[in-house]
Amino acid sequence: MFDTWTDADRDKAISKGKAGGKLSSWEQGKLKEAVRVDNRGADAADALKKQGRR
C-alpha cells in the first residue's frame, strides 16, 4: 500500500523543515522528489537543507 502525498502534505513538510523540525525519511524523500520535478522545488530544497541534506 502506498501513502498518498497531497499539496497540503508537501506544504506542511516544507514549513516544518524550514522551521528546523525533524522530517521523517518519507517526508524527506517526497521533498527530494518535489525538488526534482520543481514542484515548489526551491522551498523544498530549503526545507531539506535544514535537515543537513541537500
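This is a predicted model: local features need pLDDT of at least 70, side-chain atom pairs count only at pLDDT 80 or more; totals for chains, interfaces and linings use all residues.
Residues are numbered from 1 along each chain as its sequence is written, and side-chain values use heavy atoms, without hydrogens or water. Local features need pLDDT of at least 70 and side-chain atom pairs count only at pLDDT 80 or more, while totals for chains, interfaces and linings use all residues.

Helix α2 comprises 13 residues, 25–37; helices are DSSP runs of H or I with at least four residues, numbered from the N terminus. From first to last C-alpha, α2 reaches 19 Å, close to the expected 18 Å, the expectation being 1.5 Å times one less than the number of residues. Glu27, Gln28, Lys30, Leu31 and Ala34 of α2 are buried (under 20% relative accessible area, with exposed over 50% and partly exposed in between; 1.4 Å probe, protein chains only). The buried residues of α2 pack against α1 (7–18) and α3 (41–49), contact meaning heavy atoms within 4.5 Å. The face turned away from this buried side carries the exposed residues Ser25, Arg36 and Val37. Aspartate 38, with a positive phi near 55 degrees, follows α2.

The structure holds seven salt bridges, each a side-chain nitrogen of Lys or Arg within 4 Å of a carboxyl oxygen of Asp or Glu. Arginine 10 pairs with aspartate 7 at 3.1 Å, N to O; these two residues lie three apart in helix α1, and are therefore separated by about one helical turn. Arginine 10, buried at 6% relative accessibility, also forms a salt bridge with aspartate 11, with the closest N and O atoms 3.0 Å apart. Glutamate 27 and lysine 16 meet at 3.2 Å, N to O. That pair links glutamate 27 in helix α2 to lysine 16 in helix α1, eleven residues apart.
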